[in-house]
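Visitor: I am new to reading protein models. Could you walk me through some features, one at a time?

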Amino acid sequence: MKQIVLYLSIVLLFPFTLKSQEKGVVDRQVDEILVQMPCENLTQLNKLMDKVLSYGSPFLVTLTEKTTPLGKGNNIAVRYTINSLARYTSNLEDKSKKQLLEEVLLKAIQTEEDYEVKVFFINQLNLIGSGESVDKLKPLLVDSQYCEPVSQLFLYIRTEKAKNAFIDALPNVEGQRLVTIVKALGDLKGKEINDKLLALVDHKEPKLQKVVYASLASIGMPESYEAFMDASKRVDFEYEENNIVGSFITYTEALGENGYLKSCRKACKSIIDHNGEPELLHNRAAAINIFAHFFPKKATKLILKEVDNKDEKFRSSILSSAQKLVDKKSVKKWIAKGESSSDAVKEDIILMLGRADEDAAVPFFIESLTSSSDHVRSAAIISLASLAREKAIPTIVQHIVEGKDIDQSKECLLCLIDYEKLNLIGESLDSSAGKSRAALIDVISAKAGDQYFEQVLSYSNDTNSDVKEAALNAMQSISRAQDLDALLLLLESVERTYVETIQKAIYRAVEDQQNMDLCVDKLLTSLAQSDDKARFVRILPKVGGEKALKEAYDLYYQSQGSLKESALEALCEWKDYTAAAALYTICEKSIEYQHNAFVGFVSLISHSNLPNDQKLLELKKIMTLAASNEQKLKVITSLGGIKTYQSLIYASTFLEESELQQAACQSIRKIALPRGGKSDGFIGEETFKILEKVRTCISGKDSNYFKISIQKYMDKMKKDGGYVSLFNGKDLSHWKGFIAPPLKVEKMNAKVLSKRQQMANIKMHNNWSVKDGAIVFRGGKGANLCSEKEYADFEMLIDWRITKNGDSGIYLRGTPQVQIWDIARVKVGAQVGSGGLYNNKKNPSKPLVVADNPVGEWNTFRIRMKGDKVTVFLNGHLVVNSVIIENYWDRSRPIFSKGAIELQAHGTDIKFRDIYVREIKNTINATH
């Protein structure tokens, strides 16, 4: 008996256990989706929506159950997911998915008790609702709480069924619900209930009255005419809160659109007849424009009669309709009207005809150029240019030569003429004078008419100030390479006001040069002979090159006062980074000009085309000369444009300095986080720690946004797989002494190996030490320094600096070597540069390019080893591209699968700093 009871208990309990298990699975599925919301991009969102829909109805039901009222729990992700589903399914060809979501939402609406949540579900149906929604939600149209959101839904659905639902609800609602239903019926143009709406026009509720007239206007039935006419008369056709006259105008247009042309014409006439007062002309204009649209053959006569009205806005409105009606026949009538009208009306007619596409009006425009009215002539110029286009150029040029309407004519010429047709202007230069000639020169300048350089240059000493100014200003637009000599002479003699203008002209001429050396020689000769050398010094940075750079540098040291300052400004504005070394020297030696040189150096480097690795080295170098926090901020801010791991680490060193902290935060944010649309953010535990500090410290404008974006990235970033420091800047932790080559080490037993390692660790301190944040090898005899950890595939970052005749290298997996040496040692072949795989015999051993910095300056390697292939970047330049590194110890064997990284001791002084390694594993896809 007990066994039977137990059996029955298990059988009865099993379905409930199964349902509980199923619910647990759904809950986990929901949580898995919600944690990914909101998505970063549309592609990811669409994939998630597909996944959600594949889970079916139980998932969707659970989502609706998790939706809570606003202010009660954080369900933003839930609402975001439901809304995204509605948007996604609304665009699917497979309607079954949309129907599924609609069914779930309708059930949720029926069971939900909270008003706000219920409205949220109704609003989602705006995207996917169908006749099913109308059937289920129709009763809510008469509900005071839900009438408005359900009406909006039905307006989106916009079917006959939806319209009938409104019609059925009309007798059963009042107050605001009645207003809502009437408005909806007007929107749906429910002609069948026009009579019912007419019965409401005298309703005492103002809000309802306004909506009734608006709905009747939208429906547009002839039977409503008397109601509109009577109501408009009652308000004297003036605007009031119910906007009855505005609705009458809308109604008139709807009559025409619905094909009730007789009623439309009647309504137009009524509005025109009752709106003659100045304050009602806008109504009159609206009716005339409606009439013109539906009765074009009769409209021109009406507008010709109305256009004499003194109100400018009224004329402009009705002439916009007249423009559409102009043809070969009517254009004559308009010309006759213009000739007999006041100047104001004539101006408007000319402008209207200019917009119309009828060539017959061109003679009228030309004739009007002789008008005594400035406004008429201006309109004639505009319309002539608009209609005749290129054919109008000679007429407009002659108009300028005659000194008439110069500014307006010039503006039109600028729109009409191009470089190829400048001869039409050039031919008139000599026959013009004063402002007319200046205007023609301006057009030549605007179209870069360099074929007129000599002629325009001859006007640079014109006695008329307008011509002289126009000619000198034109130089910067029309100069050519062959004009350099003339420009250099002009620069020497021109008034100080125009010095910068002629300098720009010389820049243009220089850019066009084929023989830059000859150009530099001419410039330096003019500079040497000039009594005002500063005029020529400012051209040097645009020319560039060694000669010009030396001249600017020498002038700085050999001059005083303003010329010295001009030379320094020239260095700071140099066209490329080649002036950076000169600025560094000035910054190092000068007190008075240290700041300017510092700022100039930072600007040149930041805006240069140097690789990021080299930019960082340069900024680190200049930072040692910073004399103020202001200067330090310049460097720290520039770090934000250098997206490297070393830059990130360097910027983080300033987080503890209060006056520099915010600049460091901003730069770190830019470096560490991925750029828009890219996956180039940094990962790893150290990056995470730095970002956590930044997220805590960052302040100021938009800081809340920055904190959110940082946290969002941190939530998803991997803490493993990033760079790890191999040198703490303080001691030789993570390093050990060299025992013997790998093949010999393999043969040692553990006891011998341990003893030899202890001895090597003691000896390494004879030559290897740490000073000023760098690992230092003090020349002479000594052994390599080895990493304690052995590496398989990895990427390594390391800075190094050698002295004269220096020689060293970096062993990979215990095998020599990525070469480091002084490239001046040509006897041993060092002129090829550092970074090559020196010990290779079969595979390439030399670097692709020489990328070394001068001896005594820091260099940086980025070394990537994957399998037996090595890639090396030196100072940002690719010097080894996926080359097999050979096993130096046994060339019959491939490189070891794993081994230490070694810093070579080769008898000469060398320093290493900023050493980071990132292990490359198959499971890690990140590049940082």
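Guide: Gladly! Let us begin with a term for how open a residue is: buried means under 20% relative accessible area, exposed means over 50%, and partly exposed lies in between, using a 1.4 Å probe and protein chains only. The areas come from the Shrake-Rupley method with a 1.4 Å probe, and for residues only the protein chains shown count as cover. By that scale Glu495 is partly exposed, because its relative accessible area is 36%. This is a predicted model, where local features need pLDDT of at least 70 and side-chain atom pairs count only at pLDDT 80 or more, while totals for chains, interfaces and linings use all residues. Residues are numbered from 1 along each chain as its sequence is written, and side-chain values use heavy atoms, with hydrogens and water left out.

Visitor: Which residue does Glu495 meet in a salt bridge?

Guide: First, the general idea: side chains of opposite charge can pair when their charged atoms come close. The rule used here asks for a side-chain nitrogen of Lys or Arg within 4 Å of a carboxyl oxygen of Asp or Glu. The partner of Glu495 is Lys468, at 2.4 Å from N to O. This pair links distant parts of the chain, 27 residues apart: Glu495 is in the loop between helix H29 (484-493) and helix H30 (499-511), and Lys468 is in helix H28 (residues 465-478). Lys468 counts as buried, because its relative accessibility is 18%.

Visitor: What do you mean by a helix or a strand?

Guide: Both are DSSP runs numbered from the N terminus: helices are H or I with at least four residues, and strands are E with at least two.

Visitor: How many salt bridges does a search of the whole structure find?

Guide: The search finds 47. One of them joins Glu573 and Arg538, at 2.9 Å from N to O. Glu573 lies in the loop between helix H35 (561-572) and helix H36 (580-589), and Arg538 in the loop between helix H32 (534-537) and helix H33 (540-543), so the pair ties together parts 35 residues apart in sequence. Glu573 is partly exposed at 42%, and Arg538 is partly exposed at 24%.

Another salt bridge is between Lys689 and Glu685, at 3.7 Å from N to O. Both residues lie in helix H42 (residues 685-697), four residues apart, about one turn of the helix. Salt bridges that share partners also join Lys620, Asp799, Arg913 and Asp914 into one network.

Visitor: Which residues form a positive surface patch?

Guide: Patches are made of residues with over 30% relative accessible area and no salt bridge; like charges are joined within 9 Å, and nonpolar side chains (Val, Leu, Ile, Met, Phe, Trp, Tyr) within 5 Å. Lys and Arg count as positive and Asp and Glu as negative, while His and the chain ends are not counted. The place of a charge is NZ of Lys, CZ of Arg, CG of Asp or CD of Glu. Here, Lys301, Lys305, Lys329 and Lys333 form a positive patch. The elements giving it two or more residues are helix H17 (296-306) and helix H19 (328-340). Lys329, in helix H19, is exposed at 63%.

A negative patch is formed by Asp236, Glu238, Glu277 and Glu279. There is a nonpolar surface patch too, made by Leu848, Val849 and Leu878, with about 240 Å² of accessible area together. Val849 sits in the loop between strand S8 (815-821) and strand S9 (859-866).

Visitor: How many disulfides does the count come to?

Guide: A disulfide is a covalent bond between the sulfur atoms of two cysteines. The test is a pair of cysteine sulfur atoms within 2.5 Å. By this rule the count is zero. Cys412, for example, is in no disulfide, and the nearest cysteine sulfur, that of Cys415, is 6.5 Å away. Cys412 is buried, with 8% relative accessibility.

Visitor: Where are the cis peptide bonds you can show me?

Guide: One runs from Met37 to Pro38, with omega near -5°. Pro38 is in the loop between helix H1 (2-34) and helix H2 (42-55). Another runs from Pro816 to Gln817, with omega near -20°, and Gln817 belongs to strand S8.

Visitor: What is the phi of Arg158?

Guide: Arg158 has a positive phi of about 55°, although it is not a glycine. Its place is the loop between helix H8 (147-157) and helix H9 (160-169).
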